[in-house]
Amino acid sequence: MGAKDVLVVGGAGYVGSHTVRYLVRKGYRPVVFDNLSTGHRASVPRGVPFVKGDLLKPASIGRALEKAPFAAVFHFAAKALVGESVENPALYYRENVTGTLNLLEAMLAHRVKRIVFSSTAATYGNVEAVPLTEDHPKNPCNPYGFTKWAIERMLEDFHAAYGLRSVRLRYFNAAGCDPSGEIGEDHDPETHLIPNILKAALNSRRKMKIFGDDYPTIDGTCVRDYIHVTDLAQAHVLALDAMKKDVHCDAFNLGNGNGYSCMQVVEAARRVTGRSIAVTVTGRRPGDPAILVAGADRARDVLGWSPAHDSLDEIVETAWRWMVAHPRGYVG
Ligand code: UFG
């Protein structure tokens, strides 16, 4: 087995592409597998092999798995918009659950026995207490969260029955960009808070919409735990190291443990960009919980994870660097 050969499924997406960079820096040999439905070919570094394929076409996964004797798969590929999942759950169950089942079966057939899976805070749903620990009840409040939770259960069953090792990483709010400014966040449509604030900073005719200011929080706007995408990447590599030792099937929250309201993020963006950012408050966005903050002690204790970019201003600053250099995203 090539200990440094890893397959990165969804490696042309936002978190996937940052992890590919991190893997290369750490001496791994990633192969990227992506259908480019939301990912960007331009985000894959020169010299990293790229396979265009789709998890719903099992033959294409087989072709990718034949490229090397992979030590592990990192699985980022998923549909990930809460609102879209409510409108079109069939798409989410098909792409996320069936797609992952196809991937796991192909891994078993090719004797690849380790997977790091991108899970989400959305598996918890309605939150009873923050900071959230991994054993908090799972009550997803939308189909997206259900598909990720279903996959987590699938991974536990595959470990028990087939010995497939897995680490499920529950991201809180992935944010920021590679400090080089060369790769970043480019979604169409863009639904996330920080890039939308920065788009308003870039274009003074654009007003930033804040969804609701009547939540039971410090200033009435929703509170989230923003975690730098490079710190997420670090956790993936540590998860693989841990799976080679005594972590065989486990889940970890990934967040800084600091909650910031939407208005506090706008203030950070004003500080970082030096621009006045026009804000308008509209109604609540359906499905938004008031507060999500991670308890991430397990990732620190068990994986040895230690986020390096934990200040909100630094997170926003790296996102701004990317946006200034690439105002039209990868197209430009
Ligand atoms: N928000 C705005 N205006 C915008 C965009 C977002 O006010 O233009 C608000 C949202 O209402 C929310 C906060 O900013 O209160 C954060 O919203 P994001 O869309 O950036 O992130 P979410 O917390 O909704 O979603 C993230 C991930 C999901 C994951 C979820 C887990 O993007 O994939 O966390 O709860 F499911």
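The model is a predicted one, so local features are taken at pLDDT of at least 70 and side-chain atom pairs at pLDDT 80 or more, while totals for chains, interfaces and linings use all residues. Residues are numbered from 1 along each chain as its sequence is written, and side-chain values rest on heavy atoms, with hydrogens and water left out.

The ligand has 20 residues around it, and L193, K209, R224, R285 and D288 come nearest (a residue is near if one of its heavy atoms lies within 4 Å of the molecule). Polar contacts here are pairs of N or O atoms within 3.5 Å; within protein, one atom must be able to donate a hydrogen and the other to accept it, and residues adjacent in sequence count only if both atoms are side-chain atoms. A ligand oxygen sits 2.7 Å from a side-chain N or O atom of R285, and a ligand oxygen is also 2.9 Å from a side-chain N or O atom of N173. With K209 it is the backbone that takes part, a polar atom there being 2.8 Å from a ligand nitrogen. On its own the ligand exposes 690 Å², and the protein buries 90% of that (Shrake-Rupley areas with a 1.4 Å probe; for residues, only the protein chains shown count as cover).

Who supplies the shell? Helix 6 (193-202) and strand 8 (208-211) are the elements that give two or more residues, and strand 8 has the largest share, with four. Helices (H or I, at least four residues) and strands (E, at least two) are DSSP runs, numbered from the N terminus. By type, the shell splits into 11 nonpolar, five polar and four charged residues; Ala, Val, Leu, Ile, Met, Phe, Trp, Tyr, Cys and Pro count as nonpolar, Asp, Glu, Lys and Arg as charged, and the others, Gly among them, as polar. Domain 1 (5-175 + 226-254) and domain 2 (193-225 + 257-331) each put in at least three residues, with bounds from an automatic or database domain assignment.

Searching the whole structure turns up three aromatic pairs. Rings of Phe, Tyr and Trp (its six-membered ring) pair if their centres lie within 6.5 Å; planes under 30 degrees apart are stacked, over 60 edge-to-face and the rest tilted. F158 and Y162 make an edge-to-face pair, 5.0 Å between centres and 80° between planes. Both lie in helix 5 (residues 143-162), four residues apart, or about one turn. F158 is buried at 11% relative accessible area, while Y162 is partly exposed at 44% (buried is under 20%, exposed over 50%, partly exposed in between, with a 1.4 Å probe and protein chains only). The W322 and Y330 rings have centres 4.9 Å apart and planes at 50°, so this pair is tilted; W322 and Y330 are both buried.

Now for the backbone. Most residues other than glycine have a negative phi, and most peptide bonds are trans. A cis bond joins V130 and P131, with omega about -5°, and P131 falls in the loop between strand 5 (114-120) and helix 5. Another cis bond links D188 to P189, omega about 5°, and D188 is in the loop between strand 7 (173-175) and helix 6. D188 is exposed, at 77% relative accessibility. Positive phi shows up at R111, about 55°, in the loop between helix 4 (89-109) and strand 5.
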